[in-house]
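I opened a new notebook page for this structure.

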Amino acid sequence: MGRLTSGKLIVFVFAVALTILVLVSFRDTISSRNQKEIDELVHAVHKLRKLARAKGLHVEDEGPNSDTAEKGAEVIHKDGPNTSGENPSDGSSFRITEYWQASSLIKWDFEKPPEYECKNKSSAGIYFVCQDPQFRIKPPCIAYSFGVYTKWAFEETLGRMGCETHSFDPSVKWNDHIHKGVVHFHKLGIGAEDTDSYKPARGMYVKEDQTWKMRTLPSIMKMLGHEGKVIDVLKVDVEGFEWFMMQQMLDTGIIHRVRQFVVEWHLVHDFPTKKSYMDLLRIYYKMKDAGFRTFSVDFRFRGFSVRRWRIQSDVMYVNTKFIPNSK
């Protein structure tokens, strides 16, 4: 009996030693892989810098004391990228000075995995709303949709959910009416200022000369008696004007009263202009700082080029700083 016990003890000790040996070996392997990935990333950065110079783009030197591997997690400040034109001596951020840098950071936010895992996504046309408890859309609720054209599935879904739903589009042929008994349609658009004489450029949705009535978001909310109220779902597909609208939301504080934000972002050709991309990047990071996190993304035109410049993405956000009892 004593021999059997000793034998078991020896086997046990041997098994523990073998396990420790395997774990140490596994740790070294993982460490080696991580270092290899870091080395490959640094090499890729050098190649991109070389390619940028070959294309005639100005690229700042990294500096004698830069350490890409160690500073990689500190590329962007918590308040957003450094777009001031200054180059901190501590290397805590890249110097963002070119339109392609700004657009790349925005594009990256569209392409990376969603930041919030919504466990209860509900389809609304080609979009989704998140029905997790803290963001749930239920009556009484208010939904705004800017940009309809001929597709009503999103608006109809929100209307049938019991929300007071308003849609806006100045480019279509019909006038103000109630669509299928659940959607209040308004023939006006979202703009940087209130005007009844806006002349849009011709394009995909404007085939002939038109004159549009445009209103700012605060003016629209006042018109509908929604000043100070929560917009439970705000959907925007307005071919570039979403950037002006976001600036209004930030300036007025309306952004803090939006529960979910559904938007098709556009950086197309020369609208908005590339020289404005630095400002757009600041706007985007201010929106993220307000608490908006992606839960669903449909990024379009992955094969775009400088000649065929088109960054476009349907992005759905939840406001993680939204206070449920703020209505």
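Predicted model: local features only at pLDDT ≥ 70, side-chain atom pairs only at ≥ 80, totals over all residues.

**Entry 1: helix α3 against helix α7**

Which residues in α3 meet which residues in α7? From α3 I noted Tyr-99, Ala-102, Ser-103, Leu-105, Ile-106, Asp-109 and Phe-110. Facing them in α7 I found Tyr-277, Met-278, Leu-280, Leu-281, Tyr-284, Tyr-285 and Lys-288. I then sorted the contact of α3 with α7 by class: 11 residues are nonpolar, 1 is polar and 2 are charged.

Next I looked up the geometry. Helix α3 covers residues 99-111 and helix α7 covers residues 277-289. Their axes lie 8 Å apart, at an angle of about 30°. Angles under 35 degrees count as roughly parallel, so I wrote down α3 and α7 as roughly parallel to each other. The crossing of α3 past α7 is left-handed.

**Entry 2: Ser-103**

I picked one residue from that list. Ser-103 sits in helix α3. Is Ser-103 buried or exposed? Its relative accessible area is 2%. Buried means under 20%, so Ser-103 is buried. I then left out the neighbours within four places in sequence and checked what remained in contact with Ser-103. I found Leu-267, Tyr-277, Trp-309 and Ile-311. Tyr-277 was already in my notes, as one of the α7 residues that meet α3.

**Entry 3: helix α6 against helix α7**

I stayed with α7 and turned to another partner. Helix α6 is made of residues 242-252. At what angle do the axes of α6 and α7 cross? I read roughly 50°, with the axes coming within 10 Å. That makes α6 oblique to α7. This crossing is left-handed. On the α6 side, Trp-243, Met-246, Gln-247 and Leu-250 make the contact. On the α7 side I listed Leu-280, Ile-283, Tyr-284, Lys-286 and Met-287. By class, the contact of α6 with α7 has 7 nonpolar, 1 polar and 1 charged residues.

**Entry 4: Pro-272**

Where is Pro-272 placed? I found Pro-272 in the loop between β11 (258-268) and α7. Its relative accessibility is 6%, so Pro-272 counts as buried. I set aside residues up to four places away in sequence and listed what Pro-272 touches. The list reads Gly-240, Trp-243, His-266, Leu-267, Tyr-277 and Leu-280. Pro-272 and Trp-243 are 29 residues apart along the chain, and 8.3 Å separates their C-alpha atoms.

**Entry 5: an open sheet**

I moved on to strands. In what order do the 3 strands of the open sheet run? I wrote β7-β9-β8, with mixed pairing. β7 (189-190) and β8 (195-198) stand at the edges. Each has a single partner strand, so one side of each is left without a neighbour in the sheet. β7 pairs with strand β9 (residues 212-215) in the parallel sense, over 2 bridges. I noted that Gly-189 stands opposite Met-214 in β9.

**Entry 6: the whole protein**

The protein has 7 helices and 13 strands. How many of its 327 residues count as buried? I noted 40%. I also took contacts between residues at least 6 apart in sequence. Of these, 60% join residues at least 24 apart.

Technical notes
Residues numbered from 1 in each chain as written. Heavy atoms only, no water. Axes fitted to C-alpha atoms, helices over the stretch in contact; angles between N-to-C directions. Helix = DSSP H or I, 4+ residues; strand = E, 2+ residues; numbered from the N terminus. Parallel < 35°, antiparallel > 145°, perpendicular 65-115°, else oblique. Left-handed = near helix turned anticlockwise from the far one by under 90°. Contact = heavy atoms within 4.5 Å. Nonpolar A, V, L, I, M, F, W, Y, C, P; charged D, E, K, R; others polar. Buried < 20%, exposed > 50% of the residue type's maximum accessible area, 1.4 Å probe, protein only. Pairing = 2+ DSSP bridges.
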